[in-house]
Amino acid sequence: MAAQDTLGTRRLAQLVRPIVWCRATDRIRDVARQISAADLSCALVRADGVLGIVTDHDFRHRVATGEVGLDQPIAALAAFPVLTIEAEATQSAALLRMLEHAVHHLVVTGPAGEPVGVVRAVDLAQPEVRDPLLIRSAIAAADTIDEVAAAARRLPATLVALHDDRVSPLHIGALHAAMVDAAVRRVLRLRSEPALAAERVSWVVLGSLARREPLPRSDLDTALVWADPDGPKDRPPDPAEIRAAAGRVLDDLRHCGFVPCPSGTNADNPVFSRAASAWRTASRDWQRDPAAGQGLLMSAVIADSRPLTQPMLGRSLTASLWPPNRHTRVLRALLDEALGFRPPTGFVRDFVVESSGEHRGQLDLKKGGLAPIVALARWLAIVGGEVSGNTPERLRRGADHGLLTADEAQTLTGAFEDIYALVLDHEVRALRGGDLPTTFVAPRDLDTLTRRHLRESFRAVRAIQARIDEHWLARLDRV
């Protein structure tokens, strides 16, 4: 699949535009002349040691409307601090940063962190930049839930266009996640539920969206963490009110075209919405008896979590994931849970397919292809003490910690990326044809080369699972 990653790989050092510098006390009208004379769209300014930026958007929306006068100092118009990115970063990385923060300019920095230029969204003029930023801008400008829904309805067609333009599959997943993040945050702001606004509440995404590797068909899995009272006299939040408010937010997200988890992994479910202290208590209980109360499942859910609001509070979910003694039955139980996902290979036939039902004769590439690698990478992340990042990043850290060999990490990463690309291609074809995307594929519909490569990937993953199963304690000693 490496040939597919041909767009967005140029380094920003090749694309930067020169910097227009100004002093914090310069008049806005004079800075506007400087920018116009340089035929650029922004200027940089330092105020009290902090780097800021003023863009053509600021002139149009704040000066032209009379909000800020032409004779005021430029510091009154500039945004502080400016967002930066390294010169060695790629176009794709720049796009993702712009998308996550809803900006159209980034300051590019050199090896010592000094500004060396500016890159604009239009400098990355490809569909992978234009279409996601248009959706992101529409979401940011939405004044109603209906307007968020109108912007979100453009997401499936944008995913198809990104795929057709040969954007890397995992980069498509990251862009997809950034657009969903933006929609959820905007719905939360517009809904402005008193029960959520009055308390310190962290809205958390889970699963593939948390790992930034969703597929077009992926559900929206969510959780809530709210802060405990500061003192004994403070009234604790009402869980029922918070969950009812979360349910109304989920209804809005359904209206926007997102599908909350049908099996109940949602922020209005008492299992997935708790005070921070209740999450900590539950985590301790799971570690004492991993088999009780779905402790293994809940540990996996928490490991794949990412807060969208109140990040410090949301990250408390993962704070108690790691037992003090890693050579315990807890880690063995978590490994058993991870190894429970097996690639569908057989001794007689190439693949073990569904034997009955609507998917008879088909492979579930999510359950049998992606899940075994995702689960193993998650276990490695828990053991290593750092659960952030996507599956390939977790595998690389596993190799850095000595939990995997370099060859094992490369094999698992290659298999994951290839299977993810195959599922994405399958779902995009369904979207293009107006059908419901699915992760089920009939082996007979795959070409001979793809079928052979898939079979070899499945067998390689099973072999690595077997080695880790047998030698897991020796590998733990390296951490």
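The axes of α17 and helix α18 (residues 448-476) come within 10 Å and cross at roughly 140°. Axes here are lines fitted to C-alpha atoms, for helices over the stretch in contact, and angles run from 0 to 180 degrees between N-to-C directions. Helices (H or I, at least four residues) and strands (E, at least two) are DSSP runs, numbered from the N terminus. This is a predicted model, in which local features need pLDDT of at least 70 and side-chain atom pairs count only at pLDDT 80 or more, while totals for chains, interfaces and linings use all residues. Residues are numbered from 1 along each chain as its sequence is written, and side-chain values use heavy atoms, with hydrogens and water left out.

α17 and α18 are therefore oblique to each other; angles under 35 degrees count as roughly parallel, over 145 as roughly antiparallel, 65 to 115 as roughly perpendicular and the rest as oblique. α17 passes α18 in a left-handed crossing, a term used if the near helix is turned anticlockwise from the far one by less than a right angle, with clockwise being right-handed. The residues of α17 that meet α18 include Thr411, Leu412, Ala415, Ile419 and Leu422, and their counterparts in α18 include His453, Leu454, Phe458 and Val461. Contact means heavy atoms within 4.5 Å.

Glutamate 408 belongs to α17, which covers residues 406-432. Its relative accessible area is 2%, so glutamate 408 is buried (under 20% relative accessible area; exposed is over 50%, partly exposed in between, with a 1.4 Å probe and protein chains only). Leaving aside residues up to four places away in sequence, glutamate 408 touches Ile464, Arg467 and Arg475.

The length of α17 can also be checked. At 1.5 Å a residue, its 27 residues should span 39 Å, and the end C-alpha atoms are 38 Å apart, which agrees; the expected span is 1.5 Å times one less than the number of residues. Just after α17, glycine 434 takes a positive phi of about 75°.

Elsewhere, threonine 265 lies in the loop between α10 (239-255) and β9 (273-275). Threonine 265 is buried at 14% relative accessible area, and its contacts beyond four places in sequence are Leu206, Leu220, Asp221, Thr222 and Phe272.

Last come the cysteines. With a disulfide taken as a pair of cysteine sulfur atoms within 2.5 Å, the count comes to zero. Cysteine 22 is in no disulfide, and the nearest cysteine sulfur, in cysteine 42, is 9.9 Å away, too far for a bond. Cysteine 22 is buried at 10% relative accessible area, and cysteine 42 is buried at 6%.
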